[in-house]
Amino acid sequence: MSRKIGRIVAASLATLAVAATAGCTSAGSGDSGGGTIELWTHAGGNEAELGVITSMVDDFNASQDDYTVEITDFPQDAYNDAVVAAATSDNLPCIVDIDGPNVANWAWAGYIQPLGLPEETYDGQLAGTLGVVDDEVYAYGFFDVALAMFSRESTLADAGVRVPTVDEPWTGEEFADALAKIDGLNRFDYAVDFGTGGGGEWIPYAYSPLLQSFGGDLIDRSDFQTADGVLNGPEALAWAEWFRGLVDSGYMAQASGEDATADFVNGTSGILYTGNWADTTVREAFDDAVVLPPPDFGDGPKIGAGSWQWGLTTGCDDVDGARAYLEFAHDTKYFVQYGEATGLIPATLDAAAEIPAYAEGGDNRIYLELADQFAVVRPETAAYPYISSVFQKATQDILSGGDAKSILDKAVSDIDRDIQQNGGYEF
Amino acid sequence: MVTTEATVLPDLEPPASRANRTSGANRPGRRSRVLITVARIAIVGFFALPIVFMLVSSLKPDLQIFADLGSWRAFAPVGEVSLDNYAGVFDRVPFWQFLANSVVISGVTVVLGILINSMAAFALARLRWRGRGFVLTLILATLIVPFETLALPLLWWVNKLPSLEANGFSLEFSQGWLNTYHVQIIPFIANAFSVYLFYQYFSSIPRELDEAARVDGAGWFAIYARVVMPLSGPAIATVAILTFLPAWNSYLWPLMVIQSEELRPVMIGLQYFFQLNVSWGQVMAYSSLITVPVVALFIAFQKSFINSIASSGVKG
Amino acid sequence: MTTHTVAPAQAEPAHPTSTSTRGRRRALKGERSAAAWMISPALVLFALFLLIPIALAFGLAFTDTRLISPRPGQFVGLENFAYLFSDPVFWASVRNTFLFAVVVVPVQAGSALLLALLVNAKVRGTTFFRTVYFLPVVTSMVVVSLLWRFMYQKDGLINQALSGLTGGLYSPIDWLNDPVWALPAIMFMSIWQGVAFHMVIWLAGLQTIPAERYEASEIDGANRLQQFRFVTWPGLRQTATLILVTITIASFSLFTQIAVMTQGGPLDSTTTVVYQAVRTGYQQLQTGLASAISLVFFVLVLIVSGIQRYLTRERS
């Protein structure tokens, strides 16, 4: 009987194996060698960005005979999971793009290696567009995004508040005053929309700069070993009370709509705080649209930095080829193409000069100035993905009216516990 | 779980002959008919309106969707109505490719699932062997393990499994099931709930049928294939729908195991529309597109799902 | 398993009288080997894709393994469990999971039965209404959750409708952002999505009740309510168990709605055990801790299904 069962099990396994073959014909494998270099991007479904990548790759493939770069594109929301799954199964391609704040974690995990391009390659590049860990460049990006506030001249004029500038941003008090006056117009459901309906990485990207402007931070950046005192200190508490206060006073929705930009354009809110990707939509809707720097809550205005960047994986069979491509691509021409196609901030000053909107006096110049003067990268530590997750929950709990002190203390103890469990995330 | 099947059919009459006369005994009077229809129509709104909202929004530009959100206009194709969102969808994603993948993956999962689970249930419900009570309990115990909690270890594990790959004319083993069709199919074939459904149903089919077939010299496989399965239309339809829906809607797993675009199923396609600026109109259009085939399938299947008890044509 | 005791007794006379003991033994042996062949494919698949991952999760739960890390996981004993049991968020998720099941299981089963009775009435248009009611079931949960996120907004359709109905007396609730209302809102939506599926299972059950029983009860002068109590309900007992099991499974695995609509908030009022397991495992990369959550979940679910089994057994 048992021998029979054994035979049957074997037969069943064989059936499975046959079934496996049937599905295998179109399977691709991680590194096909033979001069082919695989490249993964998050730009699936984003025609503008994917178009530029395709043209760079085509140019490179045509420029020499040794290597062929092959693109696989993923939708952005699925991309990180796909890379992590591939990494756990040793299936990474040679070249990957990485969301800026993940660079340190992937470097620490051994997914990516230093690019090894000559130092001078990066001259004139915005700091936020380089993925630097332990003094080594692990990734570079072609563009960055800036956070800003949008409003209308008419709104501000009717409310009787001055238009702030990069050189003279609103102070915290001025901002509070402006909100009160805009609210007094009774023209909008909410005086300001901070995009509180958003989730995921939007939260640390958009709100940790506000926290930093108050003088707090996600982690003590001197050695990245603890969040104690910075994420739960008096400055952080002030930030939390201010943020929740906006909800209590009715100036801001606890959770804004699905699309804050659409709501702003439809007249729901007086001021919109979002990334400069909203620029086109806003300017098309309003002739008198104005772009404002974020307020200065004490430590100067701050905005997030670090968007998608390109890196080189450790498992790459053809490092020379991949490097050749990355060096080829780091050309002002492509920075310009990226900037023109996406409307986002070109990562080098040379490229900015060639794009009219970003050149001196251009409509979008303000974003470059914001990125140049106020950008703070999210902490360059391998602990970042964990910190981000904890901060997301903490911020949402604070907005929901939870006790700020205990929420932030719990966040700090979770973060410190994680760092300690990972041996301080030492390299 | 429950093993009361014998009590359900005390008269051992074949199900079909009864069902033809089912519940026709009391056809409601005129007044209750009107009441019933009114109630039914009221409930239609409850179930249909969110879906109408999806369909209607798929015809509108983003700003209009949000402008209409708080009024009856959300349910009416008014204002700037066009098929632009659909054009955008076909521009942005290889829709037909995704659709074909999902059809293949769900279809094969359903067919193999019906076959393998019904055979197992047949062995459990109609054959005598030692240990079957234990095996049944074991299978039922796995009923309530949600997939999400096993996804990570399963990912690690399927990556260790060998695949046979055709390389020209020779077969080669390669390691790992990632990035294939079968990794989206094989782990989901055996299903405790399907086994349970078949087991329940098989237990209600009179055993005399087996014995009669035995006397005619039929083997157990023949009884399974020619006697029991033809009587099990409703169970097959239920299992088909129960297997199809999660296969069609699966999202987490393909995200983890599929890299190349040619192998992606429809649900992953939804992610393409969530960029920095979410294009909600296209999200609605794409959602409508992936829902329609399932609705069509239900309309086609519901006859056997509900009615085939009455019409499965018992020849026993 | 009652059938097991009934069947052989009935089977004996069916065998030709000349059958010797040896022949019968051979027949039994044939039955056993047929059973082995038929159940093995399913068992192999269960072992490969359910038991092994469960075993892996079991092992990982006692380590500090990370999803992304250059450091190999190390054995940490019960540390993960100690952390969990001292973590208020984990307790909140256990509480919410049970709360959700306790409300959704009876409400969904009950409303599904009401719907089934409504749809089963012999009035024109049954197919149409059945199909419309079924629409939410065939729509992907991700899509459904997105749609309801729109409708639950503070200035969304549901609030507009409610204040319209009450003549403005009602002050709008920010459904998904109110710690009191978020979980009920998700319960309501989940029932809306799933109820028609169970309506169809009830319908299938209703169809198996022989018409003669209704006729007989009518002759006895039973009214509608008595008919339901003494004919319909007893005939649905097996269906009831099936429905109880399916809804319990679905409630305990509550995840997609949470991930799309609230991410566990506001203030942990909607977090669930499966949601915590996924969040810990993928977003926070703590594979070991996530496995510990899964393990606790398995134990909880085993206890619940044990209780359920006990209760359904007592009833029958």
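Q: Which residues touch the most other members of the largest nonpolar core?
A: Val192(A), Ile415(A), Ala120(B), Ala196(C) and Met199(C), in a core of 329 residues. A nonpolar core here is a set of buried Ala, Val, Leu, Ile, Met, Phe, Trp, Tyr and Cys residues joined through C-beta atoms within 7 Å. Buried means that 20 or more other C-beta atoms lie within 10 Å of the residue's own, with C-beta atoms placed from the backbone.

Q: Is this a predicted model, or what is it?
A: This is a predicted model, where local features need pLDDT of at least 70 and side-chain atom pairs count only at pLDDT 80 or more, while totals for chains, interfaces and linings use all residues. Residues are numbered from 1 along each chain as its sequence is written, and chains are lettered from A in the order in which they are written.

Q: Back to Ala196(C), what does that residue touch?
A: Leaving out residues up to four places away in sequence, Ala196(C) touches Phe47(B), Leu115(C), Tyr133(C), Phe134(C), Pro136(C) and Val137(C). Contact means C-beta atoms, placed from the backbone, within 7 Å.

Q: How many residues does the contact between chains C and B take?
A: 91 from chain C and 91 from chain B.

Q: And what kinds of residue are on the chain C side?
A: The side of chain C that touches chain B has 61 nonpolar, 21 polar and nine charged residues. Ala, Val, Leu, Ile, Met, Phe, Trp, Tyr, Cys and Pro count as nonpolar, Asp, Glu, Lys and Arg as charged, and the others, Gly among them, as polar.

Q: Which helix gives the most to that side?
A: Helix α2 (residues 21-60) of chain C, with 19 residues. Helices are DSSP runs (H or I, at least four residues), numbered from the N terminus.

Methods. A residue is buried if 20 or more other C-beta atoms lie within 10 Å of its own, exposed if 12 or fewer, and partly exposed in between; C-beta atoms are placed from the backbone. Two residues are in contact if their C-beta atoms, placed from the backbone, lie within 7 Å. Helices (H or I, at least four residues) and strands (E, at least two) are DSSP runs, numbered from the N terminus.
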